[in-house]
Amino acid sequence: MSLAVIVGTIAAIAGTGGIGAGIHGGVKMKQSSDTVKAAQKRNGENVKKLEIANKKTMQIMDILGTHEMEIMSSFKRFSITYEKIKNPPSFVEIKKDGISLSVFTPKEVKNAAVGASVLLGGLGGAALGTAGGFAAAGGTTAAVMALGTASTGTAIASLSGAAATNATLAALGGGSIAAGGGGVALGTAVLGGATLGVGLLIGGIIFSVAGACVSNKAEKAWDQMIENENKINEICNYLEKLGNISTSFDHALKKVEKVYLNYLARLEYVIDEQFRKKSFFAKLFSKKVNYKKFSREEKLITENLILLVGFLYEMCKVQLVEKSTDEEQLNIINEEDINSQIEKSENILQKLDIPA
């Protein structure tokens, strides 16, 4: 074989090898690009899944939080009715078989009603998760925290309308600006969900996961996507669990509330009838009716109503979510207390001596 042929053959072989290496490199580049695109697409789908799960749970929690505010707002109606009774039974005295409630006073109930009414009035334009944040922290606690003293030194409970709303917002913002607080603006931000929304319900982890992107390098992209996916699945399971237990708790609240409203209407009727029976002169001297003159059935209605008010006040006090000390961890669902209150609600409704 001539030298020219040998050289030509070697060149051909080398050229073929170069073409093969080029093709192989191109295939690898395409595979890497496809891997990155697939990882980014799947990560986007996972984030969308998280957003949908989060929105669904926030809506459930908002329903619960709003319901708690509505229940406590109705305590104003109870307070008006209770204050029409002379020599009423003490809240502490009302007990049922083996049922113990935390000690509370008529004033606390009245204050919670005022605070809840103001917060409820401000929820119309609030961000998603705000009312749910109230439920997570304990509706009663949120309502009572909304009360305080206005910058003028006047008790917020004695104010009404815009004055009460502004004073409450200032209180939520840490006090008036003149007093070193954040004022109405910060209070509005709080009510808007800046500190009571998703962060309180779930924890800081959701923000880092939802905003996480995957690398443009194939070797990192897929691993990052899988890591995000595992976290997102964990959060979605958490959100589903939180939503389910919140729905169960709200259902228990509704059952107790239904009986409470029935008793409240009956006591209002009793008081109206008692007042109607009073003489003309007796009506002039006092707008109250004497509890001592109530029949056994009427006293039972009053006692059961006070018990139901106390229990609803206690139920709304339950903190559904406990803040995690680690921002990289999900907050803790307070399952033990929630389930305990649900069980207790069934027990109380069974033990009430409902008059015929």
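This is a predicted model: local features need pLDDT of at least 70, side-chain atom pairs count only at pLDDT 80 or more; totals for chains, interfaces and linings use all residues.
Over the ring of which residue does the charged end of Arg 266 sit? The ring is that of Tyr 263, and the charged end of Arg 266 sits 5.8 Å from its centre.

## Overall make-up

The protein contains 13 helices and four strands. Of its 356 residues, 42% are buried. Among contacts with a separation of 6 or more, 78% are made by residues 24 or more positions apart.

Tyr 238 belongs to helix H10 and is buried, its relative accessible area being 9%.

## Helix H12

Helix H12 covers residues 296-315, 20 residues in total. From its first C-alpha to its last it reaches 28 Å, close to the 28 Å expected at 1.5 Å a residue.

Because 16 of its 20 residues are buried, H12 is largely enclosed by the rest of the structure. Lys 299, whose number falls in the range 296-315 of this helix, lies over the face of Tyr 291, at 5.5 Å from the ring centre.

## Aromatic pairs

The count of aromatic pairs in the model is three. One of them joins Phe 75 and Tyr 260, whose ring centres are 6.0 Å apart; the planes meet at 85°, over the 60 degrees required, so the pair is edge-to-face.

Phe 75 is part of helix H2 (residues 75-82), while Tyr 260 is part of helix H10 (residues 218-277), so the pair ties together parts that are 185 residues apart in sequence. Both partners lie under the 20% cut-off for burial: Phe 75 is buried at a relative accessible area of 0%, and Tyr 260 is buried at 0% as well.

Ser 73 is found in helix H1, which covers residues 3-73. With a relative accessible area of 16%, Ser 73 is under the 20% limit and therefore counts as buried.

The side chain of Ser 73 reaches back to the backbone oxygen of Met 69, at 2.8 Å. In an α-helix there are 3.6 residues a turn, so residues three or four places apart point the same way. Leaving aside neighbours within four places in sequence, Ser 73 is in contact with Ala 113, Ala 116, Ser 117 and Leu 120.

## A positive phi at Asn 87

What is the phi of Asn 87 near? The value is near 55°, which is positive in a residue other than glycine. Most residues other than glycine have a negative phi.

Asn 87 lies in the loop between strand S1 (85-86) and helix H3 (106-121). Its relative accessible area is 37%, which falls between the limits of 20% and 50%, so Asn 87 is partly exposed.

## Cysteines

How many disulfides does the model hold? The count is zero. A disulfide is a covalent bond between the sulfur atoms of two cysteines.

Cys 236 counts as buried, with 9% relative accessibility. Cys 316 also counts as buried, with a relative accessibility of 0%.

Conventions
Residues are numbered from 1 along each chain as its sequence is written. Side-chain values use heavy atoms; hydrogens and water are left out. Helices (H or I, at least four residues) and strands (E, at least two) are DSSP runs, numbered from the N terminus. The expected span of a helix is 1.5 Å times one less than its number of residues. Buried means under 20% relative accessible area, exposed over 50%, partly exposed in between (1.4 Å probe, protein chains only). Rings of Phe, Tyr and Trp (its six-membered ring) pair if their centres lie within 6.5 Å; planes under 30 degrees apart count as stacked, over 60 as edge-to-face and the rest as tilted. A charge sits over a ring if NZ of Lys or CZ of Arg is within 6 Å of the ring centre and within 35 degrees of the ring normal. A polar contact is a pair of N or O atoms within 3.5 Å; within protein, one must be able to donate a hydrogen and the other to accept it, and residues adjacent in sequence count only if both atoms are side-chain atoms. Contact means heavy atoms within 4.5 Å. A disulfide is a pair of cysteine sulfur atoms within 2.5 Å.
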